Amino acid sequence: MGDPGTGAVAADGALPPVNKRGSELILLVAALVTVAATLLSASLSVTGGVAPGPAAYLAVLCAGALSLHVLLRRVAPYADPVVMPVATVLNGLGVTVIWVVQMTRSTTLGEHGDADRQMVWTVAGMALCAATVVIVRRPQRLTMYTYMTAAAALLLLLLPLSPLGHEVLGARRWIRLGQFTMQPSEFAKVLLVLFLASHLGRRREVMALVTRTVRIGRFKVFSVPRSRDLAPMAVGWGLAILLLVGTRDLGTSLLLFGTFLAVLYAATARKSWVLIGLVAFSAGAYAAYLMFGHVRNRVEIWLDPFDEEVYSRPGGSYQIVEGMFALAGGGLTGTGFGDGFIQEVFAADSDLVLVSVGEKLGLTGLMAVLLLLCVLAERGFRIALGARDWFLKLTALGYAFLTAFDVFIVLGGATLVIPLTGMTAPFLSAGGSALVANWVIIGLWLTISETARRPRSGPGAEQDPATEAIDVRPLPGPLRRRRPG
């Protein structure tokens with residue numbers, strides 16, 4: 001899915017003010033047709049006919065996506081035309097896989113109705129996406145709430161440690177409210193990126209330029225930031241280690257701290273920050289490995305999954321090994337929705353959802369889904385390049401890295417590149433918190449790209465002092481600084 005007819009980026013980084021809603025409609029129709037074909041194929045394979053469930057899912061998804069498209073035509077006509085169709089098709093494919101897993105499962109690994117709940121969360125996510133586009137018309141104004149945003153994110157991260165916390169398989173990342181569970185860290189990551197972008201956007205020049213250089217003779221070895229500028233690094237490291245120690249959730253702490261380092265590097269262009277951060281996090285992760293059996297078990301599973309003792313023990317490597325066999329059994333074209341055995345493996349519709357895609361649709365289908373995820377992240381980076389404000393640049397880039405790194409963690413854990421961490425793939429995995437949070441990210445991308453593409457002059461153009469371009473033309477001759485002597 002490309003962006004047909006996109007013009008070149010202007011000299012000041014602004015994207016051309018071209019209304020792309022027509023292109024978005026074409027891509028959205030293609031996305032909905034793809035989802036319809038997938039749901040129909042799944043229904044025919046599993047039930048032998050057109051089941052009412054998939055038909056209802058398609059109708060709800062079409063209504064939500066088309067309503068969002070109509071809203072964008074009226075409220076944000078210059079927003080990016082690709083991110084919403086790509087998110088829609090990924091969401092639809094995720095619902096399809098979840099429905100297939102619940103319908104073909106022969107054991108009671110989970111309750112039925114997972115796909116129904118996923119559609120409820122889809123509607124909630126699309127509604128919040130629309131609300132974000134309508135309410136956040138001037139995303140620069142979010143910098144007015146920098147520390148309030150940080151406090152809200154910290155509160156969400158600490159909620160699982162309260163009496164509301166709910167532990168599953170050694171990780172305490174959920175809270176329980178009656179019969180419902182929620183993962184607060186999914187919403188905290190949205191707020192943390194906003195805080196980082198706001199804070200680092202203000203201090204990026206000082207943090208990039210004011211350093212101490214370590215030299216050996218005449219050769220520069222390393223640039224060390226000042227101790228006062230290390231405060232953001234210390235806070236980020238402290239939050240990641242607090243999350244790792246308190247909730248024993250290696251995946252979320254790795255994701256959040258990795259995103260923190262990416263935004264920090266984008267703001268300062270200093271490799272020393274990244275190196276210091278990686279060393280600090282590695283030390284904290286090693287300490288967690290020594291302290292917590294849950295983390296140590298994940299590492300042992302990663303290092304020797306086919307050992308009989310590791311495979312057979314409770315909480316051992318059975319899940320990851322069976323997932324790898326299922327992925328291999330999918331081959332090039334897949335087993336089809338009605339065959340295969342991945343549905344008998346725990347978390348086939350959440351932690352191992354990409355493995356389920358690989359078994360049912362084969363390497364071809366898995367690569368297509370990964371390409372869609374790559375396109376989604378690429379559009380986020382493109383929106384960051386086109387933004388005229390540093391806060392907006394860092395915000396869009398942070399969400400793009402968050403999406404790409406999340407996919408790496410999920411797929412890397414399922415294929416033993418890294419330890420399995422229990423993270424969810426964006427828009428695909430079962431789980432309302434992650435799905436709703438990702439739709440909010442889509443809404444922020446849309447409003448940031450609208451701000452970047454909106455005309456800055458001419459009749460009817462909306463002006464915002466925070467986004468006015470700075471005149472970088474050379475000063476007149478008499479005003480130029482002359483060299484002494």
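This report looks at aromatic pairs and at one helix in a predicted model.

## Basis of the values

Residues are numbered from 1 along each chain as its sequence is written, and side-chain values use heavy atoms, with hydrogens and water left out. Local features need pLDDT of at least 70 and side-chain atom pairs count only at pLDDT 80 or more, while totals for chains, interfaces and linings use all residues.

## Aromatic pairs

The structure holds 7 aromatic pairs, where rings of Phe, Tyr and Trp (its six-membered ring) pair if their centres lie within 6.5 Å, and planes under 30 degrees apart count as stacked, over 60 as edge-to-face and the rest as tilted. One of them is the stacked pair of Phe405 and Phe408, with 6.0 Å centre to centre and 10 degrees between the planes. These two residues are 3 residues apart in helix H14 (residues 390–414), which separates them by about one helical turn; helices are DSSP runs (H or I, at least four residues), numbered from the N terminus. Phe405 is buried, with a relative accessible area of 17%, whereas Phe408 is partly exposed at 39% (buried means under 20% relative accessible area, exposed over 50%, partly exposed in between, with a 1.4 Å probe and protein chains only).

Phe427 and Trp439 form an edge-to-face pair, 5.5 Å centre to centre with 85 degrees between the planes. Phe427 lies in the loop between H14 and helix H15 (432–453) and Trp439 in helix H15, so the pair ties together parts that are 12 residues apart in sequence.

## Helix H12

In helix H12, the buried residues include Gln319, Ile320 and Val321. The helix is followed by Gly331, whose phi is positive, near 60 degrees.
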